Amino acid sequence: MKKKYFAPSEMIINEDGSIFHLHLKPENLADKVILVGDPGRVALVASHFESIECEVSNREFRAITGIFHGKRITTLSTGIGCDNIDIVVNELDALANIDFKTREEKETLRQLTLVRIGTCGGLQPYTPVGTYIASAKSIGFDGLLNFYAGRNQASDLDFEAEFKKQVEWDLQMGNPYVACADRDLLDTIALDDMVRGVTIACGGFFGPQGRELRLPLKDSKLNEKIENFSYNGMQVTNFEMESSALAGLATLMGHRAVTVCMVIANRLAKEANAGYKNTIDNLIEKVLERI
């Protein structure tokens, strides 16, 4: 069987042999990857490393590979949004599974373990500020997975249908999908001190999350319906902006992924912690120990 060839226009390699956006070379990438949104948080994760092997940065993408308790780990910033997750996960997969010399897919899959550490808004009384939530399922308002073959196979279609029915979803806002975290990785990372929740990944911070400033919303009651949604004992626990793309793409590519977030605002209580950066290090330490 002829191997698939990836043309220079499809997989762009920089002159120094690094992948186009991330500026990482294949030898720089560890099997265990911790993703964060803020480039500044990469240094916070890496501050726990005993040694650092390499550090590169380009735009919002900053990466450091090093050793933590004998484990080789890459920590990488993605910036904000599922569009950036599309860049990051595709380029990480290329680094792992495409031969940069021949531009052909490798014969054996190299599986990556991807854990995203982020912040979110809690939606339930039992997710107050400071709660850690591990996203067992992620409802993607972003629509990213709809552009890939296998979208339905990588989605919980029954959950998707029930969600759209209960919240009276308007298709003008796109077609949401429901991606699932890797079950074993979820158990390993969440243990018994994180809420295993249903996360909505939004395509924006304001309107898509029900925040109304000067522009009116398409469905002003959507958040209320989301908060009241229940299916098989599960409720929507939080809003963020990346988990669905990460879980969905990882599933399609054969990688293991989960998102864990610290609640920094509770939409029901209308409370927020703007100084969360001082406390998220506790979550980082838990992930480093468990990954």
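User: Which residue follows α6, and near what value is its positive phi?
Analyst: This is a predicted model, in which local features need pLDDT of at least 70, side-chain atom pairs count only at pLDDT 80 or more, and totals for chains, interfaces and linings use all residues. Residues are numbered from 1 along each chain as its sequence is written, and side-chain values use heavy atoms, with hydrogens and water left out. Helices (H or I, at least four residues) and strands (E, at least two) are DSSP runs, numbered from the N terminus. The residue that comes after α6 is Gly-254, and its positive phi is near 90°.

User: How many of the 11 residues of α6 are buried?
Analyst: A residue is called buried under 20% relative accessible area, exposed over 50%, and partly exposed in between (1.4 Å probe, protein chains only). The buried residues of α6 include Leu-246, Leu-249 and Met-253. The rest of the structure largely encloses α6, because the buried residues among its 11 number nine.

User: At what angle do α2 and α6 pack?
Analyst: Axes are lines fitted to C-alpha atoms, for helices over the stretch in contact, and angles run from 0 to 180 degrees between N-to-C directions. Helix α2 covers residues 82–97 and helix α6 covers residues 243–253. Their axes are 9 Å apart, and the packing angle is about 30°.

User: Are α2 and α6 roughly parallel or oblique to each other?
Analyst: Angles under 35 degrees count as roughly parallel, over 145 as roughly antiparallel, 65 to 115 as roughly perpendicular, and the rest as oblique. The angle between α2 and α6 is about 30°. The two helices are therefore roughly parallel.

User: Is the crossing of α2 and α6 left-handed or right-handed, and what residue classes make up the contact?
Analyst: The crossing of α2 and α6 is right-handed, where right-handed means that the near helix is turned clockwise from the far one by less than a right angle, and left-handed means anticlockwise. Contact (heavy atoms within 4.5 Å) involves Cys-82, Ile-85, Asp-86, Val-89, Asn-90 and Asp-93 of α2, together with Ser-244, Ala-245, Leu-246, Leu-249 and Met-253 of α6. For the classes, Ala, Val, Leu, Ile, Met, Phe, Trp, Tyr, Cys and Pro count as nonpolar, Asp, Glu, Lys and Arg as charged, and the others, Gly among them, as polar.

User: How many of the 16 residues of α2 are buried?
Analyst: From its first C-alpha to its last, α2 reaches 22 Å, close to the 22 Å expected at 1.5 Å a residue; the expected span is 1.5 Å times one less than the number of residues. The helix is mostly covered, and its buried residues number 13.

User: What class division is found in the contact of α1 with α7?
Analyst: Helix α1 (residues 39–46) and helix α7 (residues 281–290) have axes 10 Å apart and pack at about 55°. This angle makes α1 oblique to α7. In the contact, Arg-41, Leu-44 and Val-45 of α1 meet Asp-281, Ile-284 and Leu-288 of α7. By class, these residues are four nonpolar, no polar and two charged.

User: What is the relative accessibility of Ile-34?
Analyst: Ile-34 is placed in strand β1 (residues 32–36). Ile-34 counts as buried because its relative accessibility is 0%.

User: Is Lys-137 buried or exposed?
Analyst: Lys-137 belongs to strand β8. Apart from neighbours within four places in sequence, its contacts include Asp-156, Phe-159, Cys-180 and Met-234. At 15% relative accessibility, Lys-137 is buried.

User: What relative accessibility does Arg-103 have?
Analyst: Most residues other than glycine have a negative phi. Arg-103, which is not a glycine, has a positive phi of about 60°. Arg-103 lies in the loop between β5 (98–99) and β6 (104–105). Arg-103 counts as buried because its relative accessibility is 13%.

User: What is the relative accessible area of Leu-191?
Analyst: Leu-191 also has a positive phi, near 45°. Its place is the loop between α4 (183–190) and β10 (195–201). Leu-191 is partly exposed, with a relative accessible area of 42%.
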